[in-house]
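My entries follow in the order in which I looked.

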Amino acid sequence: QVQLVESGGGLVQPGGSLRLSCAASGTIFSTMAWYRQAPGKQRELVAFIFRGGITNYADSVKGRFTISRDNGKNTVYLQMNSLKPEDTAVYYCNHLPPQNSWGQGTQVTVSS
C-alpha cells in the first residue's frame, strides 16, 4: 500500500496563500484527491485530479484552489489562494475513493 505524507500547512492571514504537498512512497496510478476536516465537522472532499490531469473542485473552493500532480515525482499539490477563515481545517490527501488508511494530514489555520 502506498504511503502518503502531507506537508505545507501553517498559519496564514485571510486572503493569503499556501501550497500543500502530498508525497507518495510509490507510483500513484489512480485519481488523487485532497480532503479536509474542520473541528466538529465531517471530512469533506475538496478537489480531485485524474491521472491525465482533469480536475474537479468543491463549490466552496472553486476559483481559489488549484490541484495538480507530478506523476514523475509521485506528488500531488494543492495551491490555495484567497484563503478564508472557513478554510481552516486539517487537510489530507488520499485516493478517490479513499483508501482506509489516512495520513496525519497538515493543519491549515486562516486567522488574523
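The model is a predicted one, in which local features need pLDDT of at least 70 and side-chain atom pairs count only at pLDDT 80 or more, while totals for chains, interfaces and linings use all residues. Residues are numbered from 1 along each chain as its sequence is written, and side-chain values use heavy atoms, with hydrogens and water left out.

Entry on Tyr-91. I asked which residues Tyr-91 touches, leaving out those up to four places away in sequence. The list I got is Glu-6, Leu-20, Trp-34, Tyr-35, Arg-36, Val-46, Phe-65, Leu-78, Met-80, Gly-105, Thr-106 and Val-108.

Entry on the core. I took buried as under 20% relative accessible area, exposed as over 50% and partly exposed as in between, with a 1.4 Å probe and protein chains only. A nonpolar core is then a set of buried Ala, Val, Leu, Ile, Met, Phe, Trp, Tyr and Cys residues joined through side-chain atoms within 4.5 Å. The largest such core has 27 residues, and Trp-34, Leu-78, Met-80 and Tyr-91 have the most contacts inside it. At least two residues of this core come from each of strand 3, strand 4 (32-37), strand 5 (44-49), strand 7 (65-70), strand 8 (75-80), strand 9 and strand 10 (106-110), and strand 3 gives the most, with 4 residues.

Entry on the disulfide, counted as a pair of cysteine sulfur atoms within 2.5 Å. I found 1 disulfide in the structure, and it joins Cys-22 to Cys-93 with an S to S distance of 1.8 Å. The pair links distant parts of the chain, since Cys-22 is in strand 3 (residues 18-24) and Cys-93 in strand 9 (residues 89-95), 71 residues apart. The torsion about the S-S bond of Cys-22 and Cys-93 is about 55°, so the disulfide is right-handed. Cys-22 is buried at 1% relative accessibility, and Cys-93 is buried with a relative accessible area of 1%.

Entry on the rings. Rings of Phe, Tyr and Trp (its six-membered ring) pair if their centres lie within 6.5 Å, and planes under 30 degrees apart count as stacked, over 60 as edge-to-face and the rest as tilted. My search of the whole structure gave 3 aromatic pairs. One of them is Phe-48 with Phe-50, whose ring centres are 5.7 Å apart with planes at 85°, so the pair is edge-to-face. Phe-48 is buried at 15% relative accessibility, whereas Phe-50 is partly exposed at 40%. The rings of Tyr-92 and Trp-102 have centres 5.8 Å apart and planes at 80°, so this pair is also edge-to-face. Tyr-35, Tyr-92 and Trp-102 form one aromatic cluster.

Strand 4 and strand 5 pair in the antiparallel sense over 5 bridges, and Trp-34 has Ala-47 in strand 5 as its bridge partner. Strand 5 and strand 6 (residues 55-57) pair in the antiparallel sense over 3 bridges, with Ile-49 opposite Thr-55 in strand 6.

Notes
Contact means heavy atoms within 4.5 Å. Two strands pair if DSSP finds at least two bridges between them.
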